[in-house]
Amino acid sequence: MGTFESDAENLDNFDGLVKEMNIEVADNIEGSSSAYVSIIWKYFEKDRKDETKAKCKMCDSFRNRSGSSTSNLIKHLKTVHKINPGCRKVTKKVNESANKTILAKRKVDTELDRLYVMWLCYDLLPVRTGEKLANEIQEKLITILEQRDVADVVLTTDAWTSKSCDNYEALTAHFICKNFVFRSAMLGIAKLDNKLADGHVKLIEKLVNKHKGLIKRVTTLTSDNAEVMKSTCRKLKISWIGCIPHTINLVVKNGLNISDCANILASIRAIASHFRRSAKATALLNSEKKLKLAEHKIIRYNETRWSSVYFMPERFLERHKETYNVLSDLNSALAFPSLSDLKDLAMLRDYLKPFQEVTTVMSSEKNITASSGIYLVTELMRHATDFRVLHEDKYKLTAAVAASMRASMLERGFPSYASNKILLLATILDARYKTAGLPYDEAVQTAKVELFRKASLLNDSNDGIDEAVVKLSSSDIIIELSSRSTPKINF
């Protein structure tokens, strides 16, 4: 769960922290930070110019000590000087000043540990340490919500399976304070014993009910597009918004399942896997740098890395000449794509680029805005439609992929985004889009009506408001944006 103190209150400067704690730090201890030192250094000294060598104090010869090993030095003493130094370690003498430094560092480390845990909480990272402090911070959430006059809270959730096959789910709350500052707070992570809707409901209620009164403020849940999460929201009686990048990934996967396309991608994935497994093939590929071609590594598609389905053909096309040379030299039996396959692959890469860019834009935003949803999915649908029409005769494979992806978009309800009242309000209130971000006039009118209804509820005294005076055209309000701009996607 996050901390909400101002930057001035955060002691994130080491010197300031030491001064604030009245800690006197002595000079650093010279030499190794280890509490023990090998007796071998009575007979040798380290070479300051070359860390892999040491000079014998008895014969002035240099001996190798690669990897900081002293075995070669001990062998030299035994064979040349007939001295057996032994392998035991002796305690390094620590002076009073060093003791003072150690005690001071311990105090500083304690305070830094506290700040470290607060940083983990602020950035919504899993809290493995500082459980007591994390609980103290969590207890302040409701007080903060009340002080900041927060009316609505949105939840985001994510579930995963550990290596031991246990299921876990994390829950995060997001809200906007009265001063229009966006805040996020991690409510916790809990084990998911039941993967059905009832299990999700029980877990969410358990985490939310730790904070008295919070459940009444929750209005919306954002999650992946699993049907069980939709059912969970219906049981909780809150709105649900699916993860748009996840939906786009499902659409792309569905479109690439066409047999001819799947065969080409399977062949280059097999080649990428071969270079990943074979050190010899990788070394030969790296030796092809003399051709002055691209030096990017070949990567393979990974289902959990959504953009990898785009980067795999892109990287392969960058290095296909080098890859072909290496496979030929190794007499590999792997099937290499034909010239026509490479042309189809290049067009497929160009077609998929907007989908990769949208996924990257939405996944990289620290605070993803729902207002981008309608605009981006509408443009992706337009991109798929235009590509199919323009290239159906010349690039049949990619046109077929575009047609399949467009059908998947329709099946997954992309057009319905423009009728979602939450997304409509978010879009029309965003100065980047306003009405220009809505695909048709009916959506604009629906957004205006909904905005008027919401506005009338803000103040019970607004009995005389006339819907006719509500004007929301792009030219009505001029707002200069300094920190945010419309996502630049090359459709």
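Modeller: Two strands pair if DSSP finds at least two bridges between them; strands (E, at least two residues) and helices (H or I, at least four) are DSSP runs numbered from the N terminus. This is a predicted model, where local features need pLDDT of at least 70 and side-chain atom pairs 80 or more, while totals for chains, interfaces and linings use all residues. Residues are numbered from 1 along each chain as its sequence is written, and side-chain values use heavy atoms, without hydrogens or water.

Colleague: OK. What order do the strands of the open sheet have?

Modeller: The order is S2-S3-S4, three strands with antiparallel pairing.

Colleague: And which strands stand at the edges?

Modeller: Strand S2 (44-46) and strand S4 (62-64). Each has a single partner strand, so one side of each has no neighbour in the sheet.

Colleague: How many bridges join S2 to S3?

Modeller: Three, with S3 covering residues 53-56. Phe 44 stands opposite Cys 56 in S3, and a hairpin of six residues links S2 to S3.

Colleague: What about S3 and S4?

Modeller: Three bridges again, also antiparallel. Lys 55 has Phe 62 in S4 as its bridge partner. Five residues lie between S3 and S4 in their hairpin, and Asp 60 in that turn has a positive phi of about 60°.

Colleague: Along S3, which side chains are buried?

Modeller: Ala 54 and Cys 56, which point to one face. Buried means under 20% relative accessible area with a 1.4 Å probe, protein chains only.

Colleague: Which helix packs on the sheet?

Modeller: H2 (residues 71-79), which touches S2, S3 and S4. Contact here means heavy atoms within 4.5 Å.

Colleague: Different topic. Which residues have the most contacts inside the largest nonpolar core?

Modeller: Leu 256 and Tyr 351, in a core of 59 residues. Helix H13 supplies ten residues, the largest share of this core. Such a core is a set of buried Ala, Val, Leu, Ile, Met, Phe, Trp, Tyr and Cys joined through side-chain atoms within 4.5 Å.

Colleague: What is Tyr 351 in contact with?

Modeller: Leaving aside neighbours within four places in sequence, Tyr 351 is in contact with His 383, Ala 384, Phe 387, Thr 398, Val 401, Ala 402 and Met 405.

Colleague: Which residues in H13 meet H14?

Modeller: Met 347, Tyr 351, Pro 354, Phe 355, Val 358 and Met 362. On the H14 side they meet Leu 376, Leu 380, His 383, Ala 384 and Phe 387.

Definitions and conventions: Buried means under 20% relative accessible area, exposed over 50%, partly exposed in between (1.4 Å probe, protein chains only). Axes are lines fitted to C-alpha atoms, for helices over the stretch in contact, and angles run from 0 to 180 degrees between N-to-C directions.
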